[in-house]
Amino acid sequence: MESVSDTTAEVTSTVMDCDGNTDAFQKVKSKKSHKRKRASSEVNMQEEDSVAAKRPQFPALSGDQLKGGVDEMRKVSVPAHRYTPLKENWMKIYTPIVENLLLQVRFNLRTRHVEIKTCKETQDISSLTRAADFVKAFVLGFQVEDALALIRLDELFLETFDVTDVKPLKGDHLSRAIGRIAGKGGKTKFTIENVTKTRIVLADTKVHILGSFQNIKMARTAICNLILGSPPSKVYSNIRAVASRSAERF
């Protein structure tokens, strides 16, 4: 009996044609499963529609409402050696902050701070941070035209580090490291700026870099290699290779 049952099972699972070839049956999906999936998808769509209908719609808040009715202020300290440049370029700094960002700005002679404050006309709450970064960039030594990019563009940042953070140098060794970064007549610094599309300021042992995140990373790597003693020619070739790869990627 067992052999008969086995042969019947084989007959039901295979088909033999005239040439003797056998083909297996293909299982057909039942219609019940399709109906169940369709019914469940319809239920999910109805639930999503009901959730969307219950979700409240709030109007956009104005700048005054975002502040909560309280004016905010930022203070940027100005060192003594930047008083004269600030005085000469005050109108170039004052105009974009007041006319474009709709903020209030003044220089406090007693505390030696540039004070930036929001007002009722301020529309964007992030304008205060942009204005503070703009003034800070100028105080660090960047040109007004370069610092203005912090107001006009979103993805620009400032980064500052010390030469001694990379390698603890003293005396003549520190002076030579700073000289390698600058180059003869500033040639090395200008080359790094042009290749990486950044702006660099050397202030004593401090290095300030203005640019996008990826460009700052390339410039910082090149400057660190110079501090560690790499020859400028090798640094040039490395940053040009990295810049070409990044240009191809984007």
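Reply: Happy to. Two strands pair if DSSP finds at least two bridges between them, and helices (H or I, at least four residues) and strands (E, at least two) are DSSP runs, numbered from the N terminus. This is a predicted model, where local features need pLDDT of at least 70, side-chain atom pairs count only at pLDDT 80 or more, and totals for chains, interfaces and linings use all residues. Residues are numbered from 1 along each chain as its sequence is written, and side-chain values use heavy atoms, with hydrogens and water left out.

Me: Thanks! What is the bridge partner of Val76 in E5?

Reply: Val76 is bridged to Val114 in E5. Strand E5 (residues 113–117) runs antiparallel to E3, and 5 bridges join them.

Me: And what is the order of the strands in that open sheet?

Reply: The order is E3-E5-E4, 3 strands with antiparallel pairing. E3 (73–77) and E4 (104–108) stand at the edges with a single partner strand each, so one side of each has no neighbour in the sheet.

Me: Which helix packs on the sheet and touches E4 and E5?

Reply: That's H5 (residues 90–100), whose direction makes about 150° with that of E4. Angles run from 0 to 180 degrees between N-to-C directions, and axes are lines fitted to C-alpha atoms, for helices over the stretch in contact. Helix H6 (residues 127–140) also packs on the sheet, touching E3 and E5, at about 5° to the direction of E3.

Me: How do H5 and H6 pack, at what angle?

Reply: Their angle is about 170°, and the axes are 11 Å apart. The two helices are therefore roughly antiparallel (over 145 degrees). Lys92, Ile93, Pro96 and Ile97 in H5 meet Ala131, Phe134, Val135 and Phe138 in H6, where contact means heavy atoms within 4.5 Å.

Me: Switching topic: is Thr188 buried or exposed?

Reply: Thr188 is buried, at 5% relative accessible area (buried means under 20%, exposed over 50%, partly exposed in between, with a 1.4 Å probe and protein chains only). Thr188 belongs to helix H11 (residues 187–196).

Me: What does the side chain of Thr188 make a polar contact with?

Reply: With the side chain of Tyr236, at 3.2 Å. A polar contact is a pair of N or O atoms within 3.5 Å; within protein, one must be able to donate a hydrogen and the other to accept it, and residues adjacent in sequence count only if both atoms are side-chain atoms.

Definitions and conventions:
Parallel < 35°, antiparallel > 145°, perpendicular 65-115°, else oblique.
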